[in-house]
Amino acid sequence: MLEFLPEPMREPTVLAIPFFVTMLAIEWFAAAKLEHDHSNENTPDNENTRDDAPRATDRQFPAGAYESRDARSSVLMGLVSIATSAFWKSLGLLAYTALFAYVAPWQLPTDKWYTWVIALVGVDFLFYWSHRTSHRVRLVWATHQAHHSSEYFNFATALRQKWNISAAVLMWLPLPLLGVPPALVFFAYSLSLIYQFWIHTERIGTMWAPFELVFNTPSHHRVHHGRDPEYLDRNYGGVLIIWDRLFGSFAPEVRRPRYGLTKPVDTYNIWRLQTHEYAAIARDVRSTTSWRARLGYIFGPPGWAPRATAQTAESPELSRPS
């Protein structure tokens, strides 16, 4: 399908690993050099650095800071995601190939520029809706929340990837149905992931206004990772921010966000970071005999609770992830 490309280019994220590592090392080194200047900035409880120390939800770390255990967890999750994503992509490739070969009314040529445009824009458009769904349907949020679990925002956070991409694979089904070659779908997605790496930083402020208008930028993505009420469920775009502007989910960065989940998981264990929300869903489902409540706990938005429970809760919003 993509035989005209060099072998490594058929999986761009693998080719980009040296770039990821280099950029992460540079940013981490810069953070270490600036640590002394920022040691007392927005860190009222710096002494809480032990594994058993509580993480107050109002705590904020210096801009661009790194924490070794947090960064290590992010990198390990990224390494595992390479293998798990390959598994889901293999299943998706089988389905896409069948749809492309036997169901699609036409097959777009791989060597035409417009096929690439359709693939790149189509993947980004469907990424927006897949991403938005992952924040509004709790079962899908359970696959995605690990990416938001760090209270730091840096290049290591970009590598804190989910291990279950089944929702995205399902969301891309229209593309092979429209005749986009399956390998090109995954190629476009890999390019999207590479693009999204560099927007996970606090070292870049706002950029050229026309660029900020059209493309996702560090400023826009910092909003997406914020747990502040005004930033929740905003800026879902991957490469383009125009989808958020068109569909009413855009929010500008008006102040520095506080990062992470509204209810921190308080662990560096990568297995628990990936699975704790599944366990929470199971506990909630077991806690009720109502099928309506069970379905709500599974398919409702994060933080959903039956009306009676919600009325007695101190603040339902506090249980809702960013």
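Arg-256 forms a salt bridge with Glu-202, the closest N and O atoms being 2.8 Å apart, where a salt bridge is a side-chain nitrogen of Lys or Arg within 4 Å of a carboxyl oxygen of Asp or Glu. This pair links distant parts of the chain, with Arg-256 in the loop between H12 and H13 and Glu-202 in the loop between helix H9 (182-197) and H10, 54 residues apart. Helices here are DSSP runs of H or I with at least four residues, strands are runs of E with at least two, and both are numbered from the N terminus. At 23% relative accessibility Arg-256 counts as partly exposed, whereas Glu-202 counts as buried at 16%; buried means under 20% relative accessible area, exposed over 50%, and partly exposed in between (1.4 Å probe, protein chains only).

The model is predicted, so that local features need pLDDT of at least 70 and side-chain atom pairs count only at pLDDT 80 or more, while totals for chains, interfaces and linings use all residues. Residues are numbered from 1 along each chain as its sequence is written, and side-chain values use heavy atoms, with hydrogens and water left out.

**Overall architecture**

The secondary structure of the protein comes to 15 helices and zero strands. Of its 322 residues, 48% count as buried. Among the contacts with a separation of 6 or more, 73% are accounted for by residues 24 or more positions apart, a contact meaning heavy atoms within 4.5 Å. The accessible surface comes to about 15,800 Å², of which 66% belongs to carbon and sulfur atoms; accessible areas come from the Shrake-Rupley method with a 1.4 Å probe, and for residues only the protein chains shown count as cover.

**Salt bridges**

By the rule given above, the count comes to eleven salt bridges.

| Pair | N to O distance |
|---|---|
| Arg-256 and Glu-202 | 2.8 Å |
| Glu-67 and Arg-69 | 2.7 Å |
| Arg-160 and Asp-70 | 3.1 Å |

Arg-160 lies in the loop between H6 and helix H7 (166-171) and Asp-70 in helix H3, so this pair ties together parts that are 90 residues apart in sequence. Both partners count as buried, Arg-160 at 2% relative accessibility and Asp-70 at 3%. In the pair of Glu-67 and Arg-69, Glu-67 is buried and so is Arg-69.

**An enclosed helix**

Helix H11 (residues 218-225) is largely enclosed by the rest of the structure, because eight of its eight residues are buried. These residues include His-220, His-221, Arg-222, His-224 and His-225. What covers the buried residues of H11 includes H4, helix H5 (138-144), helix H6 (155-158), helix H10 (209-214) and helix H12 (242-246).

**Surface patches**

A nonpolar patch on the surface is formed by Trp-113, Tyr-114, Val-117, Ile-118, Leu-120, Val-121 and Leu-191, with about 620 Å² of accessible area together. Patches are made of residues with over 30% relative accessible area and no salt bridge, like charges being joined within 9 Å and nonpolar side chains (Val, Leu, Ile, Met, Phe, Trp, Tyr) within 5 Å. H4 gives the most to the nonpolar patch, with six residues; Ile-118, placed in helix H4, counts as partly exposed at 37% relative accessibility.

Lys-263, Arg-272, Arg-283 and Arg-286 form a positive surface patch. Arg-283 lies in helix H13 (residues 270-286) and is partly exposed, with a relative accessible area of 48%.

**Loop residues**

Most residues other than glycine have a negative phi. Asp-233 has a positive phi of about 60° although it is not a glycine; this residue is found in the loop between H11 and H12 and counts as buried at 12% relative accessibility. Asp-266 also has a positive phi of about 60°, but Asp-266 lies in the loop between H12 and H13 and is partly exposed, with a relative accessible area of 34%.

Val-103 is placed in the loop between helix H3 (68-102) and helix H4 (113-136), and counts as partly exposed at 48% relative accessibility. Leaving aside neighbours within four places in sequence, Val-103 is in contact with Ala-98 and Leu-177. Val-103 and Leu-178 are 75 residues apart in sequence and 9.1 Å apart in space, C-alpha to C-alpha.

Methods:
Lys and Arg count as positive and Asp and Glu as negative; His and the chain ends are not counted. The place of a charge is taken as NZ of Lys, CZ of Arg, CG of Asp or CD of Glu.
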